[in-house]
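Please keep the sequence and the structure in view while reading.

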Amino acid sequence: MKRVVISGIGAVTPVGSGRTNLWEALLEGRSGIRPVSSFDTAGYPVHIGAEVPDFDAAEHMRRIAPECLGRASQFAIAAARMAIGDAGIELDQFNKRRVGVCLGTTSGEPLMVEAYNNLRKEGNVDAVPAGVFSRYPCHVIASHVAIELGVQGPCLMIPTACAAGNFAIGHAYDLLRTGRADLVLAGGADAFSRITYMGFARLGAIAPERCQPFDRNRKGMVPGEGAALLAMEEMEAAKARGATIYAEVLGYGVSCDAHHMTAAHPKGDGAVRAMTMALKDSGVSAGEIDYISAHGTGTPTNDRVESLAVRTLFGANAGRVPISSIKSMLGHTMAAASAIEAAACAMAIHTGWIPPTMNYSEPDPECDLDYVPNRPRETHPRVVLNNSYAFGGINASLCLARAENGAAGRSIQ
Amino acid sequence: MKTRIAVTGAGVVSPIGSGLPAFAEALFAGKCAFGPSALLPAAPITAEVRDFQPQQWLGTKGIRMLDRSSRLLCVATHLALESAKLATADEGADPEIGLVCGTLFGSVHSIAAFDWSGLVDGTNYVNPMEFPNTVINSPAGQAAIRYRLGGVNSTICAGLASGLYAIHYAAESLRFGRALTVLAGGVEELCKETIRGFQRTGLDAGAHDALPFDPASGGLVPGEGSTLLVLENSETASARGVTPMMEISGFGACHSACELGSFQLTAEAATAAIEEALSDANVTPGEIGCIVASASGNRPGDVMEERALRNVFNGRLGAIPVCAPKAAYGESMGAAGAFAALIAGLSLQAQCLPPTAGFRGSGTRLRLSGERQPLAGDYALVNAFSCDGNNAALVVKRWQ
């Protein structure tokens, strides 16, 4: 099996775009949560969201015209271009048949459904342009990235809702470690949509003012949008071209609660199994984990169950592992979330700093871990875990580490 | 040496019949399910799962909130577990059984209906219970809950190639020990939105004939259904004492990356996908005994596929029997690859390829037939080529 590293990071997020802007914002604790601007929220009891401000797709697209694409595809292409630039990759130096695209999404291109229904409401369903249909199904997001970049390797979407970024990065790791590809652009993308907003609002899951994960007074999540794509490649090839290696991918674990479509298993059964599988796949023990990037949506249930799952796995040592949720700043960017969080994990390993959980003021007896409240911390983590959970009761945990020769704790297969 | 991946059963819900015996009988009899749409009265011809009665398998409890995709997938799951003689957990979740589901349009009808309810009823009157159905992975989640499948649960979207990508993903999950058994395949529902989409994009055959590989074909016939194969490591299968029907030998994928929404008529990428699948399976083109084609009657795709097959098999192509089963059950999109892989397995077992329904012998030099064709060989090639430029191919082997 080959070793696989993250050598480039591209991101379009509510707090800023590109690796440097994103990371600075996260360490400064800047929030991307604002009043919703893309549609009128007058009919809702809540009004905040985490939209990407001032996004200009044309800046990033060289081959496809932006107006031919939905917003999630535009985000994905922008993040792909940034990841490649950040990695210092010249695509001409790669065999294009061995460059893949593997992305997660929750909703694909939901704005196409909105456009369809808007015309239908006006009595004009026969006037819906053909492009609304052809740009809708989510596989086109990955295809658009492949076409824009001219890359011809495995190309797929893994639409596993809010855990999809981790699923996609995990599968990209499989494609690389088995030698099926030399470079994979992996991550997630989602566009802000009234459909998602309405769904979470009707579930009563949206916080009215701010996102405060793990705080006793937390009132919910905040829907968001964005994309993050990682350039992932085989370690020796990355070293040979002199790439900056942010982190090594050690392994991942997935599971399904098979319990409820929207509610987590009360004991975090699936979450524990996903983390356990990730550790086993990575060849590390729980004691070696230096930081956990939480799913940490800010809903009362998620944060309580996730804390319980971590405590179940880490036992008496659970309180010694720092765990934080950057959703406190970014909101919940759906499938982009775990991809952005994986990028943050890689940056934590690379810079030595772990990002904080913002808006944390009052401890909750049911969430009794070290949540890195309100300030970043310099801890030089070596091995980190990235958790993500989703509708359908599915769980995915990804394990990243500092790329070392014969890395500690790793038994290479 | 790679672990051998065995297929030990299958569940199928299709326009020509549901359950493996009924499906196989209809397929080998040359049955065709094309007819007027019951879902959208103004639509011309579709291939729908007519008179679909999920209660027959699922009972009545809890099915009211399941959308059509979820119902189709739950029935396929039920049939697949039964076919492979697999018991499910009595309580809790079985961490050793996973589900990987390919789809193209996913839950589009549920999404559109949910949004529509917000538009016409008002956002405060929308039923929040219907929100979970809007995520693209909801059928896989619903099936996991109903059958207590606690292992890897993933949904794969790669256009018309989704089903084959899902099978490869499942095989990798087994190789990496993420589960002992993975149900893999796809689901696609027909609904007003997809039927309209086919009409508006001009892919639909409309009033014309849909004839795979025939220059006179007017387009494709939209179809639906679900197929799941039961994948296990060969050791798991033999420990359970079940005899597999086939082995998953190799997978290849290549995106043409040329233009938005078009088939690459030079077929370079489709050719590369087939060659990679052969090489992954460690077989030569000469060892392929039959081909289950992707062709749907949509001319650009059919022309591309014929060219790709010619590129790979050259002069020998005329000797290899080919079947284009979408002539029987239409373009089942995200499920198509799984249907085709199942047919390859059934054909290798029978050493006989099903007829291509309606084939009238014109305009192609491929060895297609309106009758069953005997075949000789242990390997079959399965194609799933997508109009977004994505191409996947799978090589399967008769179980020995």
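The side chain of B:His255 reaches the backbone nitrogen of B:Ala257, at a distance of 2.9 Å. This is a predicted model, and B:His255 has its place in strand β9 of chain B. With a relative accessible area of 0%, B:His255 is buried, because the cut-off for that class is under 20%. Which residues surround it? Neighbours within four places in sequence set aside, B:His255 is in contact with A:Ser143, A:Ala146, A:Ile147, A:Val151, A:Gln152, A:Gly153 and A:Cys155 from chain A, and with B:Ala269, B:Asp388, B:Gly389 and B:Asn390 from chain B.

As for polar contacts, 27 residue pairs are found across the interface of chain B and chain A, counting pairs with both residues at pLDDT 80 or more.

Charged pairs come next. Side chains of opposite charge can pair when their charged atoms come close. Over all chains, a search of the whole structure finds 36 salt bridges, and four salt bridges are found across the interface of chain B and chain A. In one salt bridge, A:Arg194 pairs with B:Asp115, with 2.7 Å between the closest N and O atoms.

Another salt bridge joins the side chains of B:Arg178 and A:Asp174, at 3.0 Å from N to O. This pair crosses between chains: B:Arg178 is in the loop between α6 and β7 (181-188) of chain B, and A:Asp174 is in helix α6 (residues 164-177) of chain A. Both B:Arg178 and A:Asp174 are buried. They also belong to a network of salt bridges that links A:Asp174, A:Arg177, A:Asp281 and B:Arg178.

Within chain A, the side chains of A:Arg218 and A:Asp303 meet in a salt bridge, 3.6 Å from N to O. This pair links distant parts of the chain, 85 residues apart: A:Arg218 lies in the loop between α7 (194-202) and β8 (226-234), and A:Asp303 lies in helix α10 (residues 300-314). A:Arg218 and A:Asp303 are both buried.

The closest N and O atoms of B:Glu172 and B:Arg175 are 3.1 Å apart. Are the two partners buried or partly exposed? B:Glu172 has 7% relative accessibility and therefore counts as buried, whereas B:Arg175, with a relative accessible area of 26%, is partly exposed.

Last comes the confidence of the prediction. Where pLDDT is low, the predicted coordinates should not be read in detail. In chain B the mean pLDDT is 96, and 100% of the residues reach 70 or more. The model scores are ipTM 0.97 and pTM 0.98.

Note on methods
Residues are numbered from 1 along each chain as its sequence is written. Chains are lettered from A and ligands numbered from 1 in the order in which they are written. Side-chain values use heavy atoms; hydrogens and water are left out. A polar contact is a pair of N or O atoms within 3.5 Å; within protein, one must be able to donate a hydrogen and the other to accept it, and residues adjacent in sequence count only if both atoms are side-chain atoms. pLDDT is the predictor's confidence in each residue, from 0 to 100. Helices (H or I, at least four residues) and strands (E, at least two) are DSSP runs, numbered from the N terminus. Buried means under 20% relative accessible area, exposed over 50%, partly exposed in between (1.4 Å probe, protein chains only). Contact means heavy atoms within 4.5 Å.
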